[in-house]
Protein chains: 2
Amino acid sequence: MAKPLILISNDDGITAPGIRTLVEVAMQIADVVVVAPDGPQSGMGHAITIGNTLRLDKSIAFDDLGIEAYECSGTPADCVKLAKYHVLKDRTPDLVVSGINHGSNSSISVLYSGTMSAAIEAAIEGLPAIGFSLCDYGHEADFSHTRPFVELIIRQALKNPIPENTALNVNFPKKSDETIKGVKVCRQAHAKWQEEFDERLDPRNRRYFWMTGSFVNHDKGEDTDEWAIVNNYVSIVPCQFDMTAYHAISTLNNEWDI
Amino acid sequence: MAKPLILISNDDGITAPGIRTLVEVAMQIADVVVVAPDGPQSGMGHAITIGNTLRLDKSIAFDDLGIEAYECSGTPADCVKLAKYHVLKDRTPDLVVSGINHGSNSSISVLYSGTMSAAIEAAIEGLPAIGFSLCDYGHEADFSHTRPFVELIIRQALKNPIPENTALNVNFPKKSDETIKGVKVCRQAHAKWQEEFDERLDPRNRRYFWMTGSFVNHDKGEDTDEWAIVNNYVSIVPCQFDMTAYHAISTLNNEWDI
């Protein structure tokens, strides 16, 4: 039986430790092709490159593992589009995985996430897709505890269909002394970022800002991704790209005079 | 009675004709503050600036209209965050509007849209928000036919609540000889972009690409935004930022062995 084919991308760039972990796990199970950004693309959301040119070149980043890899000047969503329409063409991946992100993509962060935009772009293309993230922003983050769960989830995704028009958003708790309790399928917590802007002066005395913020979760539900992670579970949220708020259609039709 | 306050942003940049149309209509109804990108930010999706600094300066773009305006080096979502947490602070806008975009943001384009990311960012902040787009990509696009509808929709949004945790995605048909038939509340059509990559060589003989694509709509429903626009209606899709595919939670719990 032919080995399955897995396409891998991320948003931290092709040399990030997180994508290397993902490649190492996936290559035990499948043939792997990597198409990933040539530098950091964190917080890029579902951005695509339309007013600028794109570069795509063969990468040596995974030569030591014998993995076919390409690095791209664009966003994670660009990478998936280039992978499908230019790199892979007639080779259809059995699964697209993105990550492992250095940092949480749970709750509202899914909207800002480049990692998840690669997975959602794949889902739009009709491909089964998963984004993986570790709730640890450090470049030196320890990914070791995620390996058995990444393998379990990839194997399940190759065996059982991911529901149509959805991509899975998987978040791992930060490595700790406590053993992970298991995996929970969750809903996205209703939370947000409370921003602060750190105002500074540049050497030419002109003002600039750094965006900083703190995550605020008012959602007390025990069925959310935030609850799962805080309680040391791996969270899986199935995400859809139909953004229609169906319940609001009748409200508008009934209450608005248009 | 105090005039309402409307915050305005966009993704085509503060000097685009589309945002000027929006400001001209809104200032008849309300006090207006503009915080918009200092250049084009099309296709930026819900990107935010986290690895880089941000500039925010007073803008002269609307001095002729006497409107308080700021231009920002960041994305549309950055603009809304800076507006809320830095520019407006204690002034809470009664409505946030974004656009009018030069180009369609219907169907799947809502995900790639900088215009809609400003509106959705506002909704995350608990503010009523609307993104307006014209299905005409031209810089010289004619926005005249949109004015009465922009006014109608803004007035309705100031009178009736926009359903909680949603932002409205409004798309206008391109100007034609036919009169617009009315306004329809719709769902997002299930369609996608079929990409092609135009491969070229730069003057140094290195390869680069332009992303080009065609919009493919297999959704035959007459309740979609695409149907409405093709049939010369203004479409309104209420969009939510909870991306959970609730129907898929039980599927995963029943069928996956995790």
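1. A:Lys89 is exposed, with a relative accessible area of 55%; buried means under 20% relative accessible area, exposed over 50%, and partly exposed in between, with a 1.4 Å probe and protein chains only. A:Lys89 sits in the loop between α2 (76-88) and β5 of chain A. Its phi is near 50°, a positive value in a residue other than glycine. Helices (H or I, at least four residues) and strands (E, at least two) are DSSP runs, numbered from the N terminus.

2. On conventions: this is a predicted model, in which local features need pLDDT of at least 70 and side-chain atom pairs count only at pLDDT 80 or more, while totals for chains, interfaces and linings use all residues. Residues are numbered from 1 along each chain as its sequence is written, chains are lettered from A and ligands numbered from 1 in the order in which they are written, and side-chain values use heavy atoms, leaving out hydrogens and water.

3. A positive phi also occurs in B:Ser107, where the value is near 50° in a residue other than glycine. B:Ser107 belongs to the loop between β5 and α3 (109-112) of chain B. Is B:Ser107 buried or exposed? At 1% relative accessibility, B:Ser107 counts as buried.

4. Most residues other than glycine have a negative phi, and most peptide bonds are trans. The bond from A:Gly99 to A:Ile100 is cis, with omega near -15°, and A:Ile100 lies in strand β5 of chain A. In chain B, a cis peptide bond joins B:Gly99 and B:Ile100, with omega about -10°; B:Ile100 is placed in strand β5 of chain B.

5. Strand β5 (residues 95-102) of chain A is mostly covered, with 8 of its 8 residues buried. β5(A) runs parallel to strand β1 (residues 5-9) of chain A, joined by 4 bridges, and A:Ile6 stands opposite A:Leu95. β5(A) also runs parallel to strand β6 (residues 129-134) of chain A, joined by 5 bridges, with A:Val97 opposite A:Ile130. Two strands pair if DSSP finds at least two bridges between them.

6. The UniProt annotation "binding site", from an unreviewed entry, covers A:Asp11, A:Asp12, A:Ser42 and A:Asn101. These residues span 91 residues in sequence, yet no two of their C-alpha atoms are more than 8.9 Å apart, so they gather at one spot. UniProt positions are given in the numbering used here, feature names are shortened, and annotations may be inferred rather than shown by experiment.

7. Within that group, A:Asp12 lies in the loop between β1 and α1 (17-26) of chain A and counts as buried at 15% relative accessibility. Not counting residues up to four places away in sequence, A:Asp12 touches A:Gly39, A:Pro40, A:Ser42, A:Ile100, A:Asn101 and A:His102; contact means heavy atoms within 4.5 Å.

8. In chain B, an open sheet of 9 strands has the order β3-β4-β2-β1-β5-β6-β7-β11-β8, with mixed pairing. Its edge strands are β3 (56-58) and β8 (183-185) of chain B, each pairing on one side only. Strand β2 (residues 31-37) and strand β4 (residues 68-72) of chain B pair in the parallel sense over 5 bridges, and the bridge partner of B:Ala36 in β4(B) is B:Glu71.

9. β7(B) is mostly covered, since 7 of its 7 residues are buried. Both faces are covered: B:Thr166, B:Leu168, B:Val170 and B:Phe172 are buried on one side, and B:Ala167, B:Asn169 and B:Asn171 on the other. β7(B) pairs with β6(B) in the parallel sense over 5 bridges and with β11(B) in the antiparallel sense over 6 bridges. B:Val170 is the bridge partner of B:Phe132 and stands opposite B:Ile236 in β11(B).

10. Which residues of the largest nonpolar core touch the most other members? Of its 84 residues, they are A:Val35, A:Ile120 and B:Val35. A nonpolar core is a set of buried Ala, Val, Leu, Ile, Met, Phe, Trp, Tyr and Cys residues joined through side-chain atoms within 4.5 Å. Leaving aside neighbours within four places in sequence, B:Val35 is in contact with residues including B:Leu7, B:Leu56, B:Tyr70 and B:Val87.
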